[in-house]
2 protein chains.
Amino acid sequence: MGQAFVEILPTRLDLLRRNYLVEPKVVAIADSSGAAINPGGLDLGLAIKTKRQKGKIALYPKFGRSDISGVEVLDQVDADVAIEVTPTNVIDAEPGLSHMLKAIEMGDHLVTSNKGPFALAFSKIVDAAEKQGVELRYNGTVGGATPIVSLAKRCLAGNTVLSVRGVLNATTNYILTRMTKEDLTLERALASAQSLGIAETDPTYDIDGIDTACKIVILANAIMNRKVSYRDVEEITGISGIKREEVEEAKEKGFAIKLIGTVGDEALRVRPERVAFTSPLCVDEMLNSVILETDLAKEITIIGRGAGPTETASTILNDLIDVIRTAMVRR
Amino acid sequence: MGQAFVEILPTRLDLLRRNYLVEPKVVAIADSSGAAINPGGLDLGLAIKTKRQKGKIALYPKFGRSDISGVEVLDQVDADVAIEVTPTNVIDAEPGLSHMLKAIEMGDHLVTSNKGPFALAFSKIVDAAEKQGVELRYNGTVGGATPIVSLAKRCLAGNTVLSVRGVLNATTNYILTRMTKEDLTLERALASAQSLGIAETDPTYDIDGIDTACKIVILANAIMNRKVSYRDVEEITGISGIKREEVEEAKEKGFAIKLIGTVGDEALRVRPERVAFTSPLCVDEMLNSVILETDLAKEITIIGRGAGPTETASTILNDLIDVIRTAMVRR
C-alpha cells in the first residue's frame with residue numbers, strides 16, 4: 001500500500017500545485033530494512049524500483065541506510081507530514097504506535113491506515129495530537145477507499161451519530177459472496193480467496209472477525225465519542241462456523257449472510273447476520289457498506305471498495321490533501 | 001425548511017460552543033412579507049411562533065418590518081453568514097440569485113439549498129464568492145440529507161470524479177416505489193403522493209425530470225469541473241409516460257424502474273431506467289442514491305433521505321458548521 005501511494009503521488013502534483021499551492025517533497029521512506037533519507041527530496045521512481053527489485057528501501061542509491069529504525073527516522077528528519085502504513089498488530093499495536101507517537105511528538109501531521117494503534121490506544125493518539133496541535137487523519141483504517149470517518153465528522157458535523165452498522169471486511173465479504181453465488185463451502189471459498197491473494201495464508205485475522213472488531217472500535221471512538229478499546233467489544237463471532245446449508249436457506253428467503261459490525265446504544269458487536277438482498281448493506285465481493293444512523297439526517301449509507309493497495313492509497317491521498325488544506329494552506 | 005432550520009439551530013448551540021467556540025446569533029429573518037431584524041439577535045422561538053400563527057415574519061413583535069425586501073435586508077444587515085432557502089425557480093433563478101449575489105457582495109459567507117441559481121448560473125455565483133473570498137456551501141441543493149457535494153469535494157479530494165449516476169428526486173422515487181410495490185398506475189401513485197404532501201399540486205417540476213436535471217447540472221459543475229448549465233442537459237425525460245405494465249414486466253425480471261440522472265463522459269441526461277433490485281441505486285420511497293465513479297477509489301455510493309424539511313435543514317446546519325470551521329474558527 002505504501003508502494004501504491006508512492007506511485008500515485010507523482011500523478012497528483014498538478015492538482016496539489018493548482019488547488020493548494022504546495023509542492024510536496026518526500027524526504028524519507030522507511031521500511032523494516034532501514035530507510036532512504038534526503039532532505040532535498042527522494043526520487044520516487046527510483047524508490048519504487050529499489051523496493052521492487054531489491055526488496056529493501058535501505059538499498060536506495062546513495063541515500064539508503066540500513067542502520068536506522070522508523071522511530072529514529074521520524075526523530076531525525078524534518079517533515080511536515082508523516083504517513084504511517086505499517087501492518088496492523090492488535091497485540092501491542094507496534095511498531096505503528098511508536099511511529100505515530102514519535103511523529104506527533106515531532107510536530108508532524110499524521111495520516112495513517114494502520115488500525116492497531118487506533119483500536120488499542122485511540123485516546124492516547126488523539127490526545128497527543130491535540131496537545132501538539134497537529135492534524136490527524138485515519139480514514140484509511142476503516143473502509144478501504146470509503147471515507148467513512150470524514151463523511152461523519154466533516155460532512156455530517158451538525159448531526160449526532162446514534163449507531164453504526166456495516167460490512168467492514170472485504171475478505172470475508174468476498175468469501176460469503178462466493179458461498180452465496182456459487183453455493184461453495186467455506187473451505188472452498190476461502191481457498192479461492194487465498195489463491196487470488198484476497199485472503200492471507202493465515203486468514204484468522206479476517207475470518208474470525210478481529211479486523212471488523214478493530215474497525216468498529218475506531219468508528220465508535222472517532223464518530224460517536226465513545227471511549228472504547230478492542231477489549232470492550234462484547235461479541236466477536238467470525239464466519240468460520242458458517243455452513244453452506246445456512247447460506248442456501250437464507251438465499252431462498254431473499255437474504256445473504258454478511259459479517260456485520262455494530263455499534264449500538266450500548267454494545268459493540270461483530271457477528272454474521274442475515275441481510276435482505278435489497279438492503280444497502282447487502283454489497284458483494286470486496287465492497288464495504290456502512291449505515292450511519294444520525295439524529296437529523298437519519299440513515300446515511302456509504303458503499304465503496306473495502307480493500308486493496310490502490311484503494312487504501314487513494315484514501316491516504318485524500319487525507320493528505322485534507323491535512324494540507326486544513327493546516328498548511330495560508331489563506 | 002427555513003422554519004425547520006430555525007427550530008434545529010437552538011438545539012445545536014452547545015455543539016457550536018464546545019467544538020467551535022462560537023455563539024451564533026440570528027440578526028435577521030426575511031420572507032416574502034418582509035423581515036424581522038435585530039442586531040442584538042432575534043428570539044427564534046418567537047420567530048417560529050410568529051410565522052406559524054400569523055404567516056408573516058414581518059409581524060414579529062417590535063423588530064418586524066413589512067417595508068423591506070430580501071436584498072435590502074442583506075444590504076442593511078451586518079452578518080457573517082447568509083442562509084438562502086427560497087424556493088427553486090428555473091426560469092430566471094429569482095429571487096434566489098439576487099439574494100446570493102447581494103450576500104456575497106456584502107462579504108457574507110453563503111449556505112443555500114436553492115437549486116435554481118446554481119442550475120442556471122453556477123459559475124457566476126462561484127466566481128463572485130471566490131472574488132470576495134467568502135465560503136460557499138450548497139449541499140442542500142442536491143440530495144436532501146445526503147452530503148453529496150462535500151463527499152466528493154472534501155472526502156475524495158485526491159480523486160477525479162469521472163461520472164455521476166443517481167436517483168436524485170424523492171417525489172418521483174416515492175411514486176415509482178408505490179407503482180412497483182403495489183402495482184398502482186402512475187395516476188393513483190401520484191394521487192397518493194399528493195394526498196401525503198409528497199408531491200405538489202402541480203407536480204410537473206418533479207415528474208417531468210426538471211428537478212433531477214437541475215441537480216445533475218449542479219453536480220457536473222461542482223464535482224466534475226464542467227461548465228454546464230440547465231440548457232446543456234441533452235435529454236430530460238420524466239416519468240409521466242411510465243405504464244403499470246412496464247413496471248410489472250421489469251419487476252418480474254428483478255428490476256425496478258427509476259428516474260436516473262447521469263453525467264457521463266459527454267452528455268448530461270435524465271430518464272427512467274431499469275435498475276436491478278440488488279443495485280445500490282435501487283433505493284425505495286424518498287431515498288436518494290448516487291454513485292460517484294472516481295479514478296482511484298473507483299465507485300463510491302452514498303444513500304440518504306432525498307427530501308423533507310428536517311433533512312434539508314440538517315444539511316444546511318452541516319454546511320453552516322463547515323463554514324464556521326473553515327472561515328471563522330481562529331486556530
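Predicted model: local features only at pLDDT ≥ 70, side-chain atom pairs only at ≥ 80, totals over all residues.
Colleague: How many residues of chain B are in contact with chain A, and how much area do the two chains bury between them?
Modeller: Chain B and chain A bury about 3300 Å² between them, and 54% of that area lies on carbon and sulfur atoms. Within chain B, Arg154(B), Cys155(B) and Leu296(B) lose the most area to chain A, and together they make up 18% of what that side buries. As for residues, 41 of chain A are in contact with chain B, and the number on the side of chain B is 41. The buried area asked for is about 3300 Å².

Colleague: Which residue of chain B meets Asp295(A) in a salt bridge?
Modeller: The count between chain B and chain A is two salt bridges, alongside 18 residue pairs in polar contact, both residues of each pair being at pLDDT 80 or more. In the salt bridge of Asp295(A), the distance from N to O is 2.8 Å, which is inside the 4 Å cut-off. The residue of chain B that meets Asp295(A) there is Arg12(B).

Colleague: Which element gives the most to the side of chain B that touches chain A?
Modeller: The elements of chain B that give two or more residues to this side are α2 (13-20), α7 (148-155), β12 (299-305) and α13 (309-328). By class, the side of chain B that touches chain A holds 18 nonpolar, 12 polar and 11 charged residues. With eight residues, the element that gives the most to this side is α13(B).

Colleague: In what sense do β12(A) and β12(B) pair, and which residue stands opposite Ile302(A)?
Modeller: Strand β12 of chain A, residues 299-305, is joined to β12(B) over three bridges, and the sense of the pairing is antiparallel. Along this pairing Thr301(A) stands opposite Ile303(B). The residue of β12(B) that stands opposite Ile302(A) is Ile302(B).

Colleague: Which strand pairs with β10(B) in the parallel sense, and which in the antiparallel sense?
Modeller: Strand β8 of chain B, residues 233-236, pairs with β10(B), residues 268-276, in the parallel sense over three bridges, and Val233(B) has Leu268(B) as its bridge partner. The antiparallel pairing runs over nine bridges, with Phe255(B) opposite Ala276(B), and the strands of this pairing form a hairpin with four residues between them.

Colleague: Is Asn288(A) buried or exposed?
Modeller: Asn288(A) has its place in strand β11 of chain A, residues 287-294. Beyond its neighbours within four places in sequence, Asn288(A) is in contact with residues including Gly143(A), Val167(A), Asn169(A), Ile302(A) and Gly306(A). Because its relative accessible area is 1%, Asn288(A) is buried.

Colleague: What is the length of the polar contact between the side chains of Glu135(A) and Arg137(A)?
Modeller: Glu135(A) is found in the loop between α6 (115-132) and β6 (136-137) of chain A, and at 12% relative accessibility Glu135(A) counts as buried. His109(A) is 26 residues apart from Glu135(A) in sequence, but the two are 4.9 Å apart in space, C-alpha to C-alpha. The polar contact that joins the side chains of Glu135(A) and Arg137(A) is one of 3.0 Å.

Technical notes:
Residues numbered from 1 in each chain as written. Chains lettered and ligands numbered in written order. Heavy atoms only, no water. Contact = heavy atoms within 4.5 Å. Buried area = accessible area lost by both parts, 1.4 Å probe. Salt bridge = Lys/Arg side-chain N within 4 Å of Asp/Glu carboxyl O. Polar contact = N/O pair within 3.5 Å; in protein donor to acceptor, adjacent residues only side chain to side chain. Nonpolar A, V, L, I, M, F, W, Y, C, P; charged D, E, K, R; others polar. Pairing = 2+ DSSP bridges. Buried < 20%, exposed > 50% of the residue type's maximum accessible area, 1.4 Å probe, protein only.
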